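Q: I am new to reading protein structures. Can we go through one together, feature by feature?
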Amino acid sequence: MADSDSQFQLVTFQLGEELYGVDIMDVKEIVKLSEVRPIPNAPYYVEGIFNLRREIIPVINLHKRFRLKKLEVPEDESSDFEGGFIILNIQGNKVGIIIDRIARVVTINPEDVKEPPQMLNGIGTEYIRGVIRRENGYIIMLDINRLFNPKELQKIIGK
């Protein structure tokens, strides 16, 4: 058993049918869906911007970025499926990513993180830090610092 100092926590969320996770240390906050204003001439995966307590934050649609289908929710269960944004700190910049549903925070032992297969449902391995097997499937651990190359990040945050 690994000592608790080497464990880390992931914020897990659903995109389409898959469960993803990001290191809790990279998450600033989780926000319920709010109005997103489109940005002219933005990359196809940039949904727009939104105002969070007087701070303008770009919003990324990972469904578009990774070509994923949105989660299909039966109407009688729709109240349990609240989408929203996870506000991430990517290289010192706040960026929102759209999620279908927040799951929970899980504690992970480093030895449970395995190398990802070469192609995982449309997402290239360059965006994935690892895969963690769970009782009812697995968690795909995203590497947020590799989601965007420096030019893309500059275009998204406008600096």
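Q: In which loop is R67 found?
A: Start by placing a residue among the helices and strands. This model is predicted. R67 is found in the loop between α1 (62-66) and β6 (84-90).

Q: Is R67 buried or exposed?
A: Look at the relative accessible area. The cut-off for exposed is over 50%. R67 has 69%, so R67 counts as exposed. Its backbone has a feature too: phi is positive, about 55°, although R67 is not a glycine.

Q: Which loop holds R53, and what is its phi?
A: R53 is found in the loop between β4 and β5 (55-60). R53 is not a glycine, yet its phi is positive, about 50°. With a relative accessible area of 61%, R53 is exposed.

Q: How many helices and strands does the protein have?
A: Count the elements to get the overall plan. Here there are two helices and 13 strands.

Q: What share of the residues is buried?
A: Of the 159 residues, 45% count as buried. The protein exposes about 9600 Å². Carbon and sulfur atoms supply 46% of that area.

Q: What is the order of the strands in the open sheet?
A: Read a sheet from one side to the other, strand by strand. This open sheet has six strands, in the order β8-β1-β2-β13-β12-β9. The pairing is mixed.

Q: Why is one side of β8 and of β9 left without a neighbour in the sheet?
A: Both β8 and β9 (113-114) stand at the edges. Each has a single partner strand, so one side of each has no neighbour in the sheet.

Q: How do β1 and β8 run, and how many bridges join them?
A: Check direction, then count bridges. β1 and β8 run antiparallel and are joined by six bridges. For one place to look, find L10: V106 in β8 stands opposite.

Q: In which sense do β1 and β2 pair?
A: They pair in the antiparallel sense, over six bridges. L15 stands opposite E18 in β2. The two strands also form a hairpin, with two residues between them. In the turn, G16 has a positive phi of about 65°.

Q: How do β2 and β13 run?
A: β2 and β13 run parallel, and three bridges join them. Look at L19: its bridge partner in β13 is I139.

Q: How many residues of β2 are buried?
A: Five of the six residues of β2 are buried, so this strand is mostly covered.

Q: Where is V27 found, and is V27 buried or exposed?
A: V27 is found in strand β3. The cut-off for buried is under 20%. V27 has a relative accessible area of 15%, so V27 is buried.

Q: Which residues does V27 touch?
A: Skip residues up to four places away in sequence. V27 then touches V11, V22, I86, I87 and L88. A separation between C-alpha atoms is another thing to read. V27 and G96 are 69 residues apart along the chain, and their C-alpha atoms are separated by 9.8 Å.

Q: Where is I39 found, and how exposed is I39?
A: I39 is found in the loop between β3 (27-32) and β4 (46-52). I39 is partly exposed, with a relative accessible area of 32%. Leaving aside neighbours within four places in sequence, I39 is in contact with V46, G48 and I49. The C-alpha atoms of I39 and I49 are separated by 7.1 Å.

Q: How is empty space found?
A: Rolling a probe the size of a water molecule over the atoms shows where empty space is left. In this structure, the largest pocket has a volume of about 350 Å³.

Q: Which residues lie nearest the centre of the largest pocket?
A: The lining has 16 residues. L19, R134, N136, Y138 and I139 lie nearest the centre.

Q: Which elements give two or more residues to that lining?
A: They are β1 (8-15), β2 (18-23), β8 (101-108) and β13 (137-142). The largest share comes from β8, with five residues.

Q: What classes of residue make up the lining?
A: Six are nonpolar, four are polar and six are charged.

Conventions:
Residues numbered from 1 in each chain as written. Predicted model: local features only at pLDDT ≥ 70, side-chain atom pairs only at ≥ 80, totals over all residues. Heavy atoms only, no water. Helix = DSSP H or I, 4+ residues; strand = E, 2+ residues; numbered from the N terminus. Buried < 20%, exposed > 50% of the residue type's maximum accessible area, 1.4 Å probe, protein only. Areas by Shrake-Rupley, 256 points an atom, 1.4 Å probe, with all protein chains shown as cover. 1 Å grid on protein atoms, 1.4 Å probe; cavity = no way out; pocket = protein on both sides within 12 Å on 5 of 7 lines; lining within 4 Å. Points joined across faces, edges and corners; volume = space filled by probe spheres on them. Nonpolar A, V, L, I, M, F, W, Y, C, P; charged D, E, K, R; others polar. Pairing = 2+ DSSP bridges. Contact = heavy atoms within 4.5 Å.
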